[in-house]
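Me: I have a model open on my screen and would like to learn how to read it. Could you walk me through it?

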Amino acid sequence: MTLYNLLGAINTLFIMISVLGVYSQLGTIWRRKHMASEVARPTALLSLNQFTVSFFAYLSFFIYGYSIEPFNHYIVWPRLLAAMLVMGILLEIWLDRKSRAARLSVVLAAASLVLAGAGLLSGETIADQGRHIATLLIVLVSVFIAQGYYHQIRLILTAGQTGAVDLKMSQFILLMDISTIAFALSMGVKEGWPLLTLAITSAITKLIIMYLFRWVNVSNVAARRRQQYTSA
């Protein structure tokens with residue numbers, strides 16, 4: 001087995017673990033929906049911005065994986081599953097908040113998923129074009145994911161609490177990011193730099209959010225902000 005195949009298999013394993021993390025976030029929302037009398041909102045403090053960007057991050061990996069030669073099964077199928085689960089989170093946010101922004105995100109995500117699927121079915125006729133589109137999309141998503149997670153981080157800092165944010169999701173996705181960095185390096189920097197860029201950006205944001213789970217429990221500033229947020 002080559003190093004590429006070994007790291008690809010390991011990356012797929014960790015991607016599936018990250019999918020469990022996304023599912024854990026969905027589970028947290030569903031549990032909070034059943035506790036409607038005890039919690040203010042099932043999706044409290046979840047950043048619509050961040051999850052919209054996360055959806056397009058997974059989708060861009062999906063498109064990139066089927067656009068390069070050879071077709072990269074390690075990238076394509078786990079990312080497709082993850083994108084569909086994140087779309088489920090976007091749907092729950094819309095059902096909870098009924099905002100125009102949430103509805104727009106769901107519609108945009110659904111339309112993009114359909115177009116990406118059509119690109120996969122089109123096969124080699126758009127492979128080169130699709131690759132350039134996916135590479136550009138990954139670079140843009142790297143920027144947007146930094147902005148999206150900054151928004152999530154700011155929400156936690158302002159409220160002094162994590163709300164419906166699920167710790168397991170960040171932990172599992174961090175493991176995926178680390179394995180993706182290794183896998184991208186095995187592809188060679190020339191071929192794998194888009195994956196490398198996005199994975200490093202994502203990993204940094206997950207480390208910050210994981211630290212904030214500790215911060216809300218030990219910081220006096222967090223306690224004051226939490227009290228102000230609750231009484232507002």
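Predicted model: local features only at pLDDT ≥ 70, side-chain atom pairs only at ≥ 80, totals over all residues.

Me: Let's start with the fold. How many helices and strands does the chain have?

Reply: Look at the secondary structure along the sequence. Here the chain has eight helices and zero strands, which gives the pattern α-α-α-α-α-α-α-α.

Me: What does the radius of gyration say about the chain?

Reply: Set the value beside what the globule rule gives for the chain's length. For 232 residues the rule gives 17 Å and the chain has 18 Å, so it is as compact as a globular protein of that length. Buried residues account for 49% of the chain.

Me: Which residues have the most contacts inside the largest nonpolar core?

Reply: In this core of 59 residues, they are Val-22, Phe-51, Phe-55, Tyr-58, Leu-59 and Leu-195. Helices H1 to H7 each give two or more residues to the core, and H2 gives the most, with 13.

Me: And what does Phe-51 touch, beyond its neighbours within four places in sequence?

Reply: Its partners are Gln-25, Leu-46, Val-86, Ile-89, Leu-90, Ile-93, Gln-152 and Met-169.

Me: Now the surface. Which residues make the nonpolar patch?

Reply: Leu-136, Leu-140, Val-143 and Phe-144 make a patch of about 390 Å². Leu-140 lies in helix H5, residues 127-159.

Me: Why does Leu-140 count as partly exposed?

Reply: Partly exposed covers the range between under 20% (buried) and over 50% (exposed). Leu-140 has 40% relative accessibility, so it counts as partly exposed.

Methods:
Residues numbered from 1 in each chain as written. Heavy atoms only, no water. Patch = residues over 30% accessible without salt bridge, like charges linked within 9 Å, V, L, I, M, F, W, Y side chains within 5 Å. Areas by Shrake-Rupley, 256 points an atom, 1.4 Å probe, with all protein chains shown as cover. Salt bridge = Lys/Arg side-chain N within 4 Å of Asp/Glu carboxyl O. Helix = DSSP H or I, 4+ residues; strand = E, 2+ residues; numbered from the N terminus. Buried < 20%, exposed > 50% of the residue type's maximum accessible area, 1.4 Å probe, protein only. Core = buried A, V, L, I, M, F, W, Y, C linked by side-chain atoms within 4.5 Å. Contact = heavy atoms within 4.5 Å. Rg over C-alpha atoms; globule rule 2.2 N^0.38 Å.
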